[in-house]
Amino acid sequence: MKMGKVKAQGRMPAFVDEQYKFFAGKFEGMPSLFVMVGSEEKIHRHLECSLPLAGVAQKVGASVELYIVPGIQHIPDEWLPVVPKSVETCTRSAVFIDYCFQAGR
């Protein structure tokens with residue numbers, strides 16, 4: 001198997017090689033987690049990772065907020081100056097970070 005930008009069946013090798021399966025790891029003790037992904041994501045593997053990550057974290061008792069940003073693709077804060085939804089997204093992220101600091105998580 002080659003690493004780097006080489007793809008296997010349209011996906012990065014980490015998604016097809018058992019040696020690199022992220023979700024096969026142990027997640028006990030995971031801290032609070034904010035998972036944000038755009039609903040219009042063009043690279044489907046981002047959605048494929050975001051949903052299971054939130055699920056795995058919840059199963060081990062971590063505080064999880066999954067936010068699928070409607071009508072936005074890829075990096076919601078990329079358009080911060082011009083897209084109102086981006087402002088809301090960044091604000092939501094900041095509120096979560098503030099919550100974690102206040103709760104000592």
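Helices and strands here are DSSP runs, a helix having at least four residues and a strand at least two, numbered from the N terminus. In this predicted model, the chain has two helices and two strands. Read from the N terminus, their order is β-α-β-α.

**The chain as a whole**

- The chain has 105 residues, and 26% of them count as buried, where buried means under 20% relative accessible area.
- Among contacts in the chain with a separation of 6 or more, 58% join residues 24 or more positions apart.
- The accessible surface of the chain is about 7,300 Å², and carbon and sulfur atoms make up 58% of that surface.

**Helix α2: length**

- Helix α2 covers residues 84-103, which is 20 residues.
- From the first C-alpha of α2 to its last the reach is 29 Å, close to the 28 Å expected at 1.5 Å a residue.

- The buried residues of α2 are Ser86, Thr89, Ser93, Phe96 and Cys100.
- These residues lie on the same side of α2, because they cover an arc of only 85° around the axis.
- An α-helix has 3.6 residues a turn, so residues three or four places apart point the same way.
- The cover over the buried residues of α2 includes the strands β1 (33-38) and β2 (64-69).
- Exposed residues Pro84, Val95, Phe101 and Gln102 sit on the face of α2 that is turned away from its buried side.

Definitions and conventions: Residues are numbered from 1 along each chain as its sequence is written. This is a predicted model: local features need pLDDT of at least 70, side-chain atom pairs count only at pLDDT 80 or more; totals for chains, interfaces and linings use all residues. Side-chain values use heavy atoms; hydrogens and water are left out. Buried means under 20% relative accessible area, exposed over 50%, partly exposed in between (1.4 Å probe, protein chains only). Contact means heavy atoms within 4.5 Å. Accessible areas come from the Shrake-Rupley method with a 1.4 Å probe; for residues, only the protein chains shown count as cover. The expected span of a helix is 1.5 Å times one less than its number of residues. The arc is that of the directions from the helix axis to the C-beta atoms.
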